[in-house]
Amino acid sequence: MARANISFLMALRLCNTLTNREEEFTPLEDNLVRMYSCGPTVYDYAHIGNYRTFVLQDILRRFLKFKGYQLFHVMNITDVDDKTIRNAKAAGVSLRQYTDRFTAAFLEDSEKLRLEKPEKLVRATDHIPEMVELIRQLEARGLTYTSDGSVYYRIGSFAGYGKLSKLDVAGIMPGARVDVEEYEKEHPRDFVLWKAAKEGEPFWETELGPGRPGWHIECSAMSMKYLGPSFDIHTGGSDLVFPHHENEIAQSEGATGRPFVRFWFHCEHLIVDGRKMSKSLGNFYTLRDLLGQGFSPDSMRYLLASVPYRKQLNFTFDGLRQAASSIERLRNFRLRLQTEKFAEGQEPAAAERLARASADFAAALDDDINTAAALGAVFEALRELNIAADAGRFLSGNVPAALALLDRFDRIFDVLGTEAERHQSNELKGLAVEVDEKLRQRAEARKARNFALADQIRQQLLDRGVIIEDTKEGARWKLKSSA
Ligand code: AMP
Ligand code: ZN
(Lines give C-alpha, C1' and ligand atoms only; values in the text may rest on other atoms or scores of the structure.)
(Ligands and ions follow the chains in the order given, each with its own letter.)
Protein backbone atom coordinates (compact mmCIF):
# COMPACT_ATOMS: atom_id res chain seq x y z
CA MET A 1 0.00 0.00 0.00
CA ALA A 2 1.91 3.05 1.22
CA ARG A 3 5.03 1.20 0.11
CA ALA A 4 4.32 2.37 -3.42
CA ASN A 5 6.19 5.58 -2.59
CA ILE A 6 9.40 3.83 -1.66
CA SER A 7 12.20 3.79 -4.12
CA PHE A 8 12.47 0.11 -4.97
CA LEU A 9 15.39 0.50 -7.32
CA MET A 10 17.62 -0.74 -4.55
CA ALA A 11 16.91 -1.90 -1.05
CA LEU A 12 18.69 -0.43 1.92
CA ARG A 13 21.02 -2.91 3.56
CA LEU A 14 22.18 -2.35 7.11
CA CYS A 15 24.61 -4.22 9.27
CA ASN A 16 22.63 -5.36 12.29
CA THR A 17 24.66 -5.77 15.49
CA LEU A 18 22.10 -8.28 16.74
CA THR A 19 22.66 -10.76 13.91
CA ASN A 20 26.15 -9.59 13.00
CA ARG A 21 25.08 -9.57 9.35
CA GLU A 22 24.07 -7.12 6.68
CA GLU A 23 20.33 -7.38 6.24
CA GLU A 24 17.78 -5.81 3.98
CA PHE A 25 15.89 -3.17 5.87
CA THR A 26 12.12 -2.92 5.79
CA PRO A 27 10.02 -1.39 8.56
CA LEU A 28 7.63 -3.35 10.69
CA GLU A 29 4.64 -1.30 9.61
CA ASP A 30 3.95 0.05 6.10
CA ASN A 31 6.43 2.76 5.28
CA LEU A 32 6.81 4.17 8.79
CA VAL A 33 10.22 3.76 10.41
CA ARG A 34 10.29 3.87 14.19
CA MET A 35 13.74 4.72 15.44
CA TYR A 36 15.31 5.46 18.83
CA SER A 37 18.69 7.04 19.52
CA CYS A 38 20.48 7.26 22.84
CA GLY A 39 21.02 10.97 23.28
CA PRO A 40 23.62 12.91 25.22
CA THR A 41 24.26 12.81 28.93
CA VAL A 42 24.06 16.51 29.66
CA TYR A 43 26.78 16.82 32.29
CA ASP A 44 29.06 19.00 30.12
CA TYR A 45 29.48 20.08 26.49
CA ALA A 46 29.32 17.08 24.16
CA HIS A 47 32.64 16.34 22.45
CA ILE A 48 33.19 15.83 18.74
CA GLY A 49 33.26 12.05 19.26
CA ASN A 50 29.69 12.21 20.53
CA TYR A 51 28.85 14.34 17.51
CA ARG A 52 30.27 11.78 15.16
CA THR A 53 27.58 9.37 16.33
CA PHE A 54 24.90 12.05 16.16
CA VAL A 55 25.93 13.15 12.65
CA LEU A 56 25.94 9.58 11.32
CA GLN A 57 22.52 8.98 12.85
CA ASP A 58 21.39 12.10 11.06
CA ILE A 59 22.73 10.77 7.76
CA LEU A 60 20.80 7.53 8.32
CA ARG A 61 17.70 9.54 9.21
CA ARG A 62 17.92 11.65 6.10
CA PHE A 63 18.57 8.69 3.83
CA LEU A 64 15.51 6.87 5.18
CA LYS A 65 13.44 9.92 4.28
CA PHE A 66 15.19 10.19 0.92
CA LYS A 67 14.01 6.64 0.20
CA GLY A 68 10.44 7.69 0.86
CA TYR A 69 9.97 6.39 4.37
CA GLN A 70 8.18 8.33 7.03
CA LEU A 71 10.10 8.63 10.20
CA PHE A 72 9.22 8.67 13.85
CA HIS A 73 12.51 9.21 15.60
CA VAL A 74 12.85 9.55 19.35
CA MET A 75 15.96 10.71 21.16
CA ASN A 76 16.44 11.04 24.90
CA ILE A 77 18.38 13.46 27.00
CA THR A 78 19.99 11.69 29.95
CA ASP A 79 19.56 14.34 32.62
CA VAL A 80 20.11 12.26 35.74
CA ASP A 81 23.15 10.09 36.46
CA ASP A 82 26.23 10.18 38.67
CA LYS A 83 28.02 12.78 36.54
CA THR A 84 25.12 15.22 36.17
CA ILE A 85 24.44 14.98 39.91
CA ARG A 86 28.08 15.48 40.80
CA ASN A 87 28.54 18.47 38.47
CA ALA A 88 25.29 20.16 39.48
CA LYS A 89 26.35 19.88 43.09
CA ALA A 90 29.78 21.34 42.33
CA ALA A 91 28.13 24.21 40.44
CA GLY A 92 25.78 24.83 43.36
CA VAL A 93 22.59 24.69 41.27
CA SER A 94 19.66 22.29 41.03
CA LEU A 95 19.99 19.27 38.79
CA ARG A 96 17.36 20.67 36.42
CA GLN A 97 19.00 24.08 36.18
CA TYR A 98 22.31 22.43 35.46
CA THR A 99 21.08 19.98 32.85
CA ASP A 100 18.91 22.64 31.17
CA ARG A 101 22.03 24.62 30.49
CA PHE A 102 23.83 21.74 28.78
CA THR A 103 20.70 20.60 26.99
CA ALA A 104 20.46 24.08 25.47
CA ALA A 105 24.16 23.87 24.52
CA PHE A 106 23.57 20.49 22.88
CA LEU A 107 20.64 21.86 20.89
CA GLU A 108 22.69 24.84 19.76
CA ASP A 109 25.56 22.62 18.60
CA SER A 110 23.07 20.32 16.89
CA GLU A 111 21.64 23.25 14.92
CA LYS A 112 25.10 24.29 13.86
CA LEU A 113 25.85 20.77 12.68
CA ARG A 114 22.56 20.72 10.79
CA LEU A 115 21.25 17.74 12.74
CA GLU A 116 17.57 17.37 12.00
CA LYS A 117 15.42 17.47 15.09
CA PRO A 118 14.09 14.05 16.03
CA GLU A 119 10.30 13.92 16.01
CA LYS A 120 10.51 13.61 19.77
CA LEU A 121 13.25 14.73 22.11
CA VAL A 122 12.57 13.61 25.67
CA ARG A 123 14.17 14.11 29.06
CA ALA A 124 14.70 11.12 31.32
CA THR A 125 13.50 12.96 34.43
CA ASP A 126 10.14 13.62 32.78
CA HIS A 127 9.54 9.86 32.61
CA ILE A 128 10.06 8.60 36.15
CA PRO A 129 6.51 7.11 36.42
CA GLU A 130 7.04 5.13 33.20
CA MET A 131 10.34 3.78 34.54
CA VAL A 132 8.76 2.80 37.85
CA GLU A 133 5.96 1.03 36.01
CA LEU A 134 8.44 -0.91 33.88
CA ILE A 135 10.40 -1.98 36.96
CA ARG A 136 7.13 -3.13 38.55
CA GLN A 137 6.47 -5.30 35.51
CA LEU A 138 9.92 -6.83 35.81
CA GLU A 139 9.30 -7.45 39.50
CA ALA A 140 6.00 -9.17 38.68
CA ARG A 141 7.86 -11.48 36.31
CA GLY A 142 10.40 -12.42 38.95
CA LEU A 143 13.36 -10.79 37.21
CA THR A 144 14.45 -8.48 40.00
CA TYR A 145 15.63 -8.44 43.59
CA THR A 146 15.95 -5.72 46.16
CA SER A 147 18.99 -5.04 48.24
CA ASP A 148 19.46 -2.10 50.59
CA GLY A 149 16.53 -0.24 49.02
CA SER A 150 17.90 -0.60 45.47
CA VAL A 151 16.28 -2.82 42.84
CA TYR A 152 18.48 -4.99 40.62
CA TYR A 153 17.92 -6.98 37.45
CA ARG A 154 18.90 -10.63 37.84
CA ILE A 155 20.45 -11.40 34.48
CA GLY A 156 20.53 -15.14 35.18
CA SER A 157 16.72 -15.12 34.95
CA PHE A 158 16.65 -13.79 31.38
CA ALA A 159 17.53 -16.49 28.86
CA GLY A 160 18.53 -14.10 26.08
CA TYR A 161 21.11 -12.18 28.07
CA GLY A 162 24.25 -11.63 25.99
CA LYS A 163 22.67 -12.01 22.56
CA LEU A 164 23.54 -8.51 21.37
CA SER A 165 27.10 -8.29 22.65
CA LYS A 166 27.69 -12.06 22.20
CA LEU A 167 28.67 -12.22 25.83
CA ASP A 168 28.93 -15.72 27.20
CA VAL A 169 26.92 -15.38 30.39
CA ALA A 170 27.34 -19.00 31.38
CA GLY A 171 31.08 -18.37 31.40
CA ILE A 172 30.77 -15.67 34.01
CA MET A 173 30.66 -17.40 37.32
CA PRO A 174 28.79 -15.61 40.02
CA GLY A 175 31.50 -14.64 42.42
CA ALA A 176 31.37 -13.15 45.86
CA ARG A 177 28.95 -10.31 46.23
CA VAL A 178 30.46 -7.32 44.57
CA ASP A 179 29.95 -3.78 45.47
CA VAL A 180 30.01 -1.71 42.31
CA GLU A 181 29.06 1.94 42.68
CA GLU A 182 28.48 1.11 46.33
CA TYR A 183 25.41 -1.02 45.66
CA GLU A 184 25.19 -4.67 46.60
CA LYS A 185 24.62 -7.22 43.83
CA GLU A 186 24.23 -10.99 43.62
CA HIS A 187 26.08 -11.36 40.33
CA PRO A 188 28.75 -9.04 38.97
CA ARG A 189 26.76 -8.41 35.78
CA ASP A 190 23.45 -7.76 37.52
CA PHE A 191 22.60 -4.14 37.09
CA VAL A 192 20.67 -1.59 39.02
CA LEU A 193 17.18 -0.57 37.93
CA TRP A 194 16.40 1.72 40.82
CA LYS A 195 19.02 3.26 43.10
CA ALA A 196 18.08 3.89 46.70
CA ALA A 197 18.24 7.56 47.67
CA LYS A 198 21.57 8.73 49.01
CA GLU A 199 22.35 11.55 51.37
CA GLY A 200 22.59 14.84 49.49
CA GLU A 201 21.46 13.46 46.10
CA PRO A 202 18.22 14.19 44.27
CA PHE A 203 15.60 11.45 44.55
CA TRP A 204 12.00 10.70 43.67
CA GLU A 205 9.48 9.39 46.17
CA THR A 206 7.85 6.42 44.37
CA GLU A 207 6.23 3.02 44.96
CA LEU A 208 9.72 1.56 44.77
CA GLY A 209 10.81 3.73 47.65
CA PRO A 210 12.82 6.96 47.50
CA GLY A 211 15.50 6.86 44.84
CA ARG A 212 16.44 7.50 41.25
CA PRO A 213 16.47 5.40 38.10
CA GLY A 214 19.48 3.51 36.78
CA TRP A 215 20.68 4.65 33.37
CA HIS A 216 19.55 1.60 31.38
CA ILE A 217 15.91 1.67 32.44
CA GLU A 218 15.57 5.20 31.10
CA CYS A 219 15.99 4.17 27.50
CA SER A 220 13.75 1.08 27.70
CA ALA A 221 10.95 3.11 29.28
CA MET A 222 11.18 6.06 26.92
CA SER A 223 11.64 4.11 23.70
CA MET A 224 8.72 1.79 24.39
CA LYS A 225 6.48 4.63 25.55
CA TYR A 226 6.71 6.38 22.19
CA LEU A 227 7.54 3.57 19.79
CA GLY A 228 5.78 0.54 21.25
CA PRO A 229 7.23 -2.74 22.55
CA SER A 230 8.81 -3.59 19.17
CA PHE A 231 10.33 -1.06 16.81
CA ASP A 232 12.62 -0.84 13.82
CA ILE A 233 15.99 0.78 14.56
CA HIS A 234 17.94 1.61 17.70
CA THR A 235 21.16 3.58 17.36
CA GLY A 236 24.12 4.62 19.48
CA GLY A 237 27.90 4.58 19.64
CA SER A 238 29.71 1.24 19.75
CA ASP A 239 30.53 1.67 23.44
CA LEU A 240 26.83 1.31 24.20
CA VAL A 241 26.51 -2.26 22.90
CA PHE A 242 27.57 -3.54 26.27
CA PRO A 243 26.24 -3.14 28.83
CA HIS A 244 23.71 -0.41 27.98
CA HIS A 245 21.94 -1.94 25.00
CA GLU A 246 22.29 -5.49 26.24
CA ASN A 247 20.53 -4.35 29.40
CA GLU A 248 17.86 -2.49 27.45
CA ILE A 249 17.01 -5.76 25.68
CA ALA A 250 16.87 -7.64 28.98
CA GLN A 251 14.57 -5.01 30.48
CA SER A 252 12.26 -4.56 27.51
CA GLU A 253 11.95 -8.18 26.41
CA GLY A 254 11.91 -9.32 30.02
CA ALA A 255 8.90 -7.11 30.66
CA THR A 256 6.92 -7.56 27.44
CA GLY A 257 7.97 -11.02 26.26
CA ARG A 258 8.22 -9.55 22.74
CA PRO A 259 11.20 -8.78 20.50
CA PHE A 260 12.40 -5.26 21.34
CA VAL A 261 14.46 -3.87 18.44
CA ARG A 262 14.79 -5.27 14.92
CA PHE A 263 17.92 -3.42 13.74
CA TRP A 264 20.75 -2.26 16.00
CA PHE A 265 22.89 0.41 14.35
CA HIS A 266 26.17 1.18 16.12
CA CYS A 267 28.68 3.86 15.16
CA GLU A 268 32.34 3.24 15.71
CA HIS A 269 34.30 5.82 17.64
CA LEU A 270 36.13 8.92 16.68
CA ILE A 271 39.72 8.76 17.85
CA VAL A 272 42.38 11.47 17.82
CA ASP A 273 45.79 10.90 16.27
CA GLY A 274 45.24 7.18 16.70
CA ARG A 275 44.39 7.49 20.39
CA LYS A 276 41.20 7.60 22.37
CA MET A 277 39.99 11.12 22.94
CA SER A 278 40.35 11.99 26.58
CA LYS A 279 40.78 15.02 28.78
CA SER A 280 43.96 13.64 30.32
CA LEU A 281 45.68 13.26 26.94
CA GLY A 282 44.78 16.84 26.10
CA ASN A 283 43.19 15.78 22.81
CA PHE A 284 39.63 16.38 23.87
CA TYR A 285 37.66 18.79 21.66
CA THR A 286 34.20 20.21 21.82
CA LEU A 287 32.54 21.72 18.78
CA ARG A 288 32.94 25.12 20.44
CA ASP A 289 36.71 24.63 20.74
CA LEU A 290 37.01 24.02 17.01
CA LEU A 291 34.65 26.78 15.92
CA GLY A 292 36.66 29.09 18.18
CA GLN A 293 39.73 28.15 16.14
CA GLY A 294 37.99 29.32 12.98
CA PHE A 295 36.77 25.99 11.58
CA SER A 296 33.22 25.94 10.23
CA PRO A 297 30.44 23.63 11.41
CA ASP A 298 30.07 22.53 7.77
CA SER A 299 33.65 21.23 7.67
CA MET A 300 33.09 19.46 10.95
CA ARG A 301 29.87 17.85 9.74
CA TYR A 302 31.49 16.81 6.49
CA LEU A 303 34.49 15.27 8.21
CA LEU A 304 32.37 13.39 10.76
CA ALA A 305 30.14 12.00 8.02
CA SER A 306 32.87 11.15 5.54
CA VAL A 307 34.09 7.89 7.07
CA PRO A 308 31.48 5.08 7.09
CA TYR A 309 29.92 4.43 10.47
CA ARG A 310 31.39 0.99 10.95
CA LYS A 311 34.95 2.28 10.75
CA GLN A 312 36.68 4.40 13.32
CA LEU A 313 37.43 7.95 12.29
CA ASN A 314 40.85 9.30 13.14
CA PHE A 315 40.42 13.02 13.77
CA THR A 316 43.21 15.31 12.60
CA PHE A 317 43.31 19.03 11.86
CA ASP A 318 44.55 18.15 8.43
CA GLY A 319 41.41 16.09 7.88
CA LEU A 320 39.34 19.07 8.93
CA ARG A 321 41.13 21.35 6.46
CA GLN A 322 40.63 18.79 3.69
CA ALA A 323 36.93 18.66 4.52
CA ALA A 324 36.77 22.45 4.13
CA SER A 325 38.45 22.26 0.74
CA SER A 326 36.14 19.44 -0.43
CA ILE A 327 33.15 21.62 0.39
CA GLU A 328 34.80 24.50 -1.47
CA ARG A 329 35.19 22.33 -4.57
CA LEU A 330 31.51 21.47 -4.49
CA ARG A 331 30.48 25.09 -3.97
CA ASN A 332 32.74 26.25 -6.78
CA PHE A 333 31.26 23.70 -9.11
CA ARG A 334 27.80 24.92 -8.20
CA LEU A 335 28.89 28.51 -8.79
CA ARG A 336 30.25 27.53 -12.17
CA LEU A 337 26.93 25.92 -13.08
CA GLN A 338 25.06 29.01 -11.97
CA THR A 339 27.23 31.64 -13.58
CA GLU A 340 29.04 30.26 -16.64
CA LYS A 341 27.53 30.68 -20.10
CA PHE A 342 27.61 27.17 -21.55
CA ALA A 343 26.85 26.64 -25.23
CA GLU A 344 23.28 25.69 -26.11
CA GLY A 345 22.35 22.04 -26.35
CA GLN A 346 22.55 18.80 -24.41
CA GLU A 347 25.68 16.66 -24.35
CA PRO A 348 24.65 12.97 -24.15
CA ALA A 349 27.93 11.82 -22.54
CA ALA A 350 27.62 14.42 -19.77
CA ALA A 351 23.96 13.50 -19.26
CA GLU A 352 24.89 9.84 -18.99
CA ARG A 353 27.72 10.64 -16.57
CA LEU A 354 25.38 12.62 -14.33
CA ALA A 355 22.74 9.88 -14.31
CA ARG A 356 25.39 7.36 -13.33
CA ALA A 357 26.72 9.54 -10.51
CA SER A 358 23.24 10.08 -9.17
CA ALA A 359 22.50 6.34 -9.15
CA ASP A 360 25.91 5.49 -7.68
CA PHE A 361 25.39 8.01 -4.89
CA ALA A 362 22.14 6.36 -3.75
CA ALA A 363 23.52 2.85 -4.28
CA ALA A 364 26.47 3.62 -1.98
CA LEU A 365 24.16 4.71 0.79
CA ASP A 366 21.94 1.69 0.21
CA ASP A 367 25.05 -0.36 0.82
CA ASP A 368 25.05 -0.02 4.62
CA ILE A 369 25.29 3.80 4.50
CA ASN A 370 28.65 3.84 2.79
CA THR A 371 29.22 7.58 3.01
CA ALA A 372 32.76 7.41 1.65
CA ALA A 373 31.59 5.70 -1.53
CA ALA A 374 28.70 8.17 -1.85
CA LEU A 375 31.15 11.09 -1.69
CA GLY A 376 33.42 9.29 -4.14
CA ALA A 377 30.56 8.98 -6.65
CA VAL A 378 29.96 12.74 -6.57
CA PHE A 379 33.60 13.82 -6.65
CA GLU A 380 34.60 11.55 -9.52
CA ALA A 381 31.74 12.90 -11.60
CA LEU A 382 32.60 16.45 -10.64
CA ARG A 383 36.21 16.03 -11.73
CA GLU A 384 35.23 14.53 -15.07
CA LEU A 385 32.52 17.10 -15.70
CA ASN A 386 34.88 20.00 -14.97
CA ILE A 387 37.27 18.58 -17.56
CA ALA A 388 34.41 18.10 -20.01
CA ALA A 389 33.22 21.67 -19.43
CA ASP A 390 36.73 23.05 -20.04
CA ALA A 391 36.71 21.19 -23.36
CA GLY A 392 33.24 22.49 -24.33
CA ARG A 393 31.65 19.08 -23.81
CA PHE A 394 29.21 20.22 -21.16
CA LEU A 395 26.26 22.23 -22.46
CA SER A 396 23.58 24.43 -20.98
CA GLY A 397 21.05 21.60 -21.22
CA ASN A 398 23.20 19.58 -18.80
CA VAL A 399 23.06 22.21 -16.08
CA PRO A 400 19.74 21.19 -14.44
CA ALA A 401 20.86 17.57 -14.00
CA ALA A 402 24.18 18.70 -12.52
CA LEU A 403 22.40 20.98 -10.05
CA ALA A 404 20.02 18.13 -9.23
CA LEU A 405 22.99 15.91 -8.39
CA LEU A 406 24.28 18.54 -5.96
CA ASP A 407 20.81 18.85 -4.45
CA ARG A 408 20.61 15.11 -4.01
CA PHE A 409 24.00 15.16 -2.32
CA ASP A 410 23.00 18.02 -0.06
CA ARG A 411 19.73 16.47 1.04
CA ILE A 412 21.90 13.97 2.88
CA PHE A 413 25.18 15.74 3.62
CA ASP A 414 23.77 19.28 3.98
CA VAL A 415 26.98 21.28 3.85
CA LEU A 416 26.53 23.49 0.77
CA GLY A 417 24.43 26.41 2.02
CA THR A 418 26.40 29.65 1.77
CA GLU A 419 28.00 31.01 4.90
CA ALA A 420 25.82 34.12 4.80
CA GLU A 421 22.60 32.08 4.59
CA ARG A 422 23.85 29.84 7.32
CA HIS A 423 24.80 32.64 9.62
CA GLN A 424 21.42 34.30 9.46
CA SER A 425 19.35 31.17 9.85
CA ASN A 426 21.56 29.85 12.66
CA GLU A 427 21.19 33.08 14.55
CA LEU A 428 17.45 32.93 14.29
CA LYS A 429 17.29 29.27 15.21
CA GLY A 430 19.67 29.85 18.12
CA LEU A 431 17.37 32.59 19.33
CA ALA A 432 14.33 30.32 19.01
CA VAL A 433 15.95 27.69 21.22
CA GLU A 434 16.85 30.32 23.77
CA VAL A 435 13.37 31.85 23.79
CA ASP A 436 11.66 28.47 24.14
CA GLU A 437 13.81 27.73 27.12
CA LYS A 438 13.05 31.11 28.71
CA LEU A 439 9.33 30.66 28.11
CA ARG A 440 9.47 27.32 29.83
CA GLN A 441 11.22 28.87 32.82
CA ARG A 442 8.68 31.69 32.88
CA ALA A 443 5.77 29.25 32.82
CA GLU A 444 7.34 27.39 35.73
CA ALA A 445 7.85 30.62 37.65
CA ARG A 446 4.19 31.59 37.11
CA LYS A 447 3.04 28.17 38.19
CA ALA A 448 5.03 28.62 41.40
CA ARG A 449 3.44 32.10 41.69
CA ASN A 450 6.87 33.68 41.47
CA PHE A 451 5.63 36.64 39.43
CA ALA A 452 8.72 38.72 40.07
CA LEU A 453 10.85 36.10 38.34
CA ALA A 454 8.31 35.75 35.53
CA ASP A 455 8.42 39.52 34.94
CA GLN A 456 12.17 39.49 35.03
CA ILE A 457 12.26 36.81 32.31
CA ARG A 458 9.79 38.82 30.20
CA GLN A 459 12.07 41.85 30.52
CA GLN A 460 15.17 39.82 29.62
CA LEU A 461 13.45 38.70 26.44
CA LEU A 462 12.33 42.22 25.65
CA ASP A 463 15.94 43.33 25.96
CA ARG A 464 16.78 40.72 23.30
CA GLY A 465 14.09 42.19 21.02
CA VAL A 466 11.50 39.50 21.77
CA ILE A 467 7.91 40.30 22.70
CA ILE A 468 5.78 37.76 24.57
CA GLU A 469 2.03 37.51 24.19
CA ASP A 470 -0.02 35.35 26.53
CA THR A 471 -2.81 33.55 24.72
CA LYS A 472 -5.25 30.83 25.67
CA GLU A 473 -2.92 28.28 24.03
CA GLY A 474 0.06 29.51 26.04
CA ALA A 475 2.74 32.12 25.50
CA ARG A 476 3.70 33.14 21.95
CA TRP A 477 6.59 35.32 20.89
CA LYS A 478 7.58 37.59 18.05
CA LEU A 479 10.46 39.87 17.20
CA LYS A 480 10.10 43.55 18.07
CA SER A 481 10.96 44.61 14.53
CA SER A 482 8.08 42.59 13.10
CA ALA A 483 5.63 43.70 15.78
P1 AMP B 1 27.04 10.14 26.19
O2 AMP B 1 26.80 11.63 26.21
O3 AMP B 1 28.30 9.75 26.85
O4 AMP B 1 25.84 9.40 26.71
O5 AMP B 1 27.25 9.74 24.65
C6 AMP B 1 26.43 10.17 23.60
C7 AMP B 1 26.70 9.33 22.36
O8 AMP B 1 28.05 9.51 21.89
C9 AMP B 1 26.55 7.82 22.59
O10 AMP B 1 25.88 7.26 21.48
C11 AMP B 1 27.99 7.34 22.66
O12 AMP B 1 28.11 5.99 22.31
C13 AMP B 1 28.66 8.24 21.66
N14 AMP B 1 30.12 8.37 21.79
C15 AMP B 1 30.85 8.53 22.94
N16 AMP B 1 32.18 8.67 22.67
C17 AMP B 1 32.30 8.59 21.30
C18 AMP B 1 33.41 8.67 20.38
N19 AMP B 1 34.66 8.88 20.80
N20 AMP B 1 33.13 8.53 19.06
C21 AMP B 1 31.86 8.34 18.63
N22 AMP B 1 30.78 8.27 19.44
C23 AMP B 1 30.99 8.39 20.76
ZN1 ZN C 1 20.27 4.73 25.87
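The mean positions of the 66 positive and 70 negative charges of the protein lie 2 Å apart. In that count, Lys and Arg are positive and Asp and Glu negative, while His and the chain ends are left out. Each charge is placed at NZ of Lys, CZ of Arg, CG of Asp or CD of Glu.

A word on conventions. This is a predicted model, in which local features need pLDDT of at least 70, side-chain atom pairs count only at pLDDT 80 or more, and totals for chains, interfaces and linings use all residues. Residues are numbered from 1 along each chain as its sequence is written, chains are lettered from A and ligands numbered from 1 in the order in which they are written, and side-chain values use heavy atoms, without hydrogens and water.

Let me turn to the overall form. The protein has 14 helices and 19 strands; these are DSSP runs, H or I of at least four residues for helices and E of at least two for strands, numbered from the N terminus. Its C-alpha atoms fill a box of roughly 80 × 60 × 50 Å along the principal axes. For 483 residues, a compact globule would have a radius of gyration near 23 Å, and the protein agrees with this at 25 Å. That radius is taken over C-alpha atoms, and the globule rule is 2.2 Å times the number of residues to the power 0.38.

The accessible surface comes to about 22200 Å², and 51% of it belongs to carbon and sulfur atoms. Such areas come from the Shrake-Rupley method with a 1.4 Å probe; for residues, only the protein chains shown count as cover. Buried residues make up 51% of the 483 residues, where buried means under 20% relative accessible area, exposed over 50%, and partly exposed in between (1.4 Å probe, protein chains only). Of the contacts with a separation of 6 or more, 75% are between residues 24 or more positions apart; contact means heavy atoms within 4.5 Å.

How many of the 10 residues of helix α8 are buried? The count is 10 of the 10 in α8, residues 297-306, so this helix is largely enclosed by the rest of the structure. One of its residues is Ala305, which is buried at a relative accessible area of 1%. Beyond four places in sequence, Ala305 is in contact with Val55, Leu56, Ile59, Thr371 and Phe413. Ala305 and Leu291, 14 residues apart in sequence, have C-alpha atoms 17 Å apart.

Helix α9 covers residues 317-339, and at 1.5 Å a residue its 23 residues should span 33 Å, in agreement with the 33 Å between its end C-alpha atoms. The expected span is 1.5 Å times one less than the number of residues. Among the buried residues of α9 are Gly319, Leu320, Ala323, Ser326, Ile327 and Leu330. As background, an α-helix has 3.6 residues a turn, so residues three or four places apart point the same way.

Leu14 sits in strand β1, residues 13-16, and counts as buried because its relative accessibility is 1%. Outside four places in sequence, its contacts include Arg21, Phe25, Leu60, Ile233, Phe263, Phe265 and Ile369.

Leu134 belongs to helix α4, residues 128-140, and is buried with a relative accessible area of 4%. Leaving aside residues up to four places away, Leu134 touches Ile217, Ser220, Ala221, Met224 and Ala255. Leu193 is 59 residues from Leu134 along the chain, and their C-alpha atoms are 9.6 Å apart.

I close with the backbone. Most residues other than glycine have a negative phi, and most peptide bonds are trans. Which bond is cis here? The peptide bond joining Phe242 and Pro243 is cis, with omega about 5°, and Pro243 lies in helix α6, residues 241-256.

Two residues other than glycine have positive phi values: Asn20, near 65°, and Asp273, about 45°. Asn20 is in the loop between β1 and β2 (21-24), and is exposed, with a relative accessible area of 57%. Asp273 is in the loop between β15 (270-272) and β16 (275-276), and at 57% relative accessibility it counts as exposed.
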